[in-house]
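User: I am new to this structure and would like to learn how to read it. Please take me through its features one at a time.

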Amino acid sequence: MSAPLLMPKATAVWLVDNTALSFEQIAAFCTLHPLEVQGIADGDVAGGIMGVNPIQNGQLTREEIEKAEGDPSYRLTLSEPKVRVAAAKRKGPRYTPISRRNERPNAIKWLVRNHPELKDAQIMRLVGTTKSTIDSVRESTHWNAANLAAMDPVTLGLCSQIDLDLEVKRASKGAVGPDEADEGTTLMTAEEAMARSGARAHLNENGEDDIGGHHAPEHQEEFNADNVFSKLKSLKNDPDN
């Protein structure tokens, strides 16, 4: 067959119900096992499937069915379908137009310089290149290394900004922050913990708090009623006022 049959099991249901074709003929046309077609006829298989008429969708003609009914050894031939089924997209390296292929080393140089966290496999997906080319650009051993200029692959049309951001996000997902890289996540020893607590206590004695490091006042004057009234009387008796 030049094209796949649309809904083979539903087509088999219709052929069983509306034609005098043998189980072998229906099985060969619908790419099913003859026992499965027999199960459809007995109601044991595809009980909830509604039959699809292959004549209406243009995959089979009435003349072809009549010819097969007259000759049990004849095998049905699939007609040219009216509906085209898109072929499954094959996974592989990104396709790069011929006019842009000469720009790939420039894009690799830009990616290596601006996003060193990207792995070679990610650069290969973005630009559609090979690992040997990436290594030659990174190590400046490319045959045209003297004339290479770092250029954004998005500007060159080799990849989209969404794909680039996605790969950068994936690469930086497991990156270690600067603070975490210095100290890590290991526990402090007892001596280090005691030393830090002693340093903080020393700062508190010198008038600094634990959070902001602000100096606390050395003494705080108590306010009571006698002190307040005495100040008021002194201000009242002051001749300048």
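User: Which pattern does the chain follow when read along the sequence?
Analyst: In this predicted model, the chain reads α-α-α-α-α-α-α-α-α-α-α-α. That corresponds to 12 helices and 0 strands.

User: How do I read burial, and what percentage of the residues is buried?
Analyst: A residue is called buried when its relative accessible area is under 20%, and exposed when that area is over 50%. Of the 241 residues in the chain, 28% are buried. As for the surface, the chain exposes about 17400 Å², and carbon and sulfur atoms supply 53% of that area.

User: What share of the contacts joins residues at least 24 apart?
Analyst: Take the contacts between residues at least 6 apart in sequence: 58% of them join residues at least 24 apart.

User: Which residues touch the most other members of the largest nonpolar core?
Analyst: A nonpolar core is a set of buried residues of nonpolar kinds joined through their side-chain atoms. The largest one here has 21 residues, and Leu15, Ile26, Phe29, Cys30 and Ile40 touch the most other members. Two or more residues each come from helix 1 (8-18), helix 2 (23-30), helix 3 (34-42) and helix 4 (62-70). Helix 1 gives the largest share, 5 residues.

User: Which residues does isoleucine 40 touch?
Analyst: Leaving out residues up to four places away in sequence, isoleucine 40 touches Lys9, Ala12, Val13, Val16, Leu32, Val45 and Ala46. There is also a second, separate core of 18 residues, which includes Leu111, Ile123, Val137 and Val168.

User: How many salt bridges does the structure hold, and how should I read one?
Analyst: The general idea is that side chains of opposite charge can pair when their charged atoms come close. The structure holds 7 salt bridges. One of them joins lysine 9 and glutamate 36, whose closest N and O atoms are 3.0 Å apart. This pair links distant parts of the chain, with lysine 9 in helix 1 and glutamate 36 in helix 3, 27 residues apart.

User: Why does lysine 9 count as partly exposed?
Analyst: Its relative accessibility is 29%, so lysine 9 counts as partly exposed. Glutamate 36 is partly exposed too, because its relative accessible area is 24%.

User: Which residue forms a salt bridge with aspartate 120?
Analyst: The partner is lysine 131, and the closest N and O atoms are 3.5 Å apart. Aspartate 120 lies in helix 6 (residues 120-127) and lysine 131 in helix 7 (residues 131-138), so the pair ties together parts that are 11 residues apart in sequence. Aspartate 120 is buried, with a relative accessible area of 16%, whereas lysine 131 is partly exposed at 44%.

User: Where do glutamate 167 and arginine 170 lie?
Analyst: Both lie in helix 9 (residues 161-173), 3 residues apart, which is about one turn of the helix.

User: Is glutamate 167 buried or exposed?
Analyst: Glutamate 167 counts as buried because its relative accessibility is 6%. Arginine 170 is partly exposed, with a relative accessible area of 48%.

User: Which residues do salt bridges that share partners join into one network?
Analyst: The network consists of Asp120, Lys131, Asp135 and Arg138. The aspartate 120 and lysine 131 pair described above is one of its salt bridges.

Definitions and conventions:
Residues numbered from 1 in each chain as written. Predicted model: local features only at pLDDT ≥ 70, side-chain atom pairs only at ≥ 80, totals over all residues. Heavy atoms only, no water. Core = buried A, V, L, I, M, F, W, Y, C linked by side-chain atoms within 4.5 Å. Buried < 20%, exposed > 50% of the residue type's maximum accessible area, 1.4 Å probe, protein only. Helix = DSSP H or I, 4+ residues; strand = E, 2+ residues; numbered from the N terminus. Contact = heavy atoms within 4.5 Å. Areas by Shrake-Rupley, 256 points an atom, 1.4 Å probe, with all protein chains shown as cover. Salt bridge = Lys/Arg side-chain N within 4 Å of Asp/Glu carboxyl O.
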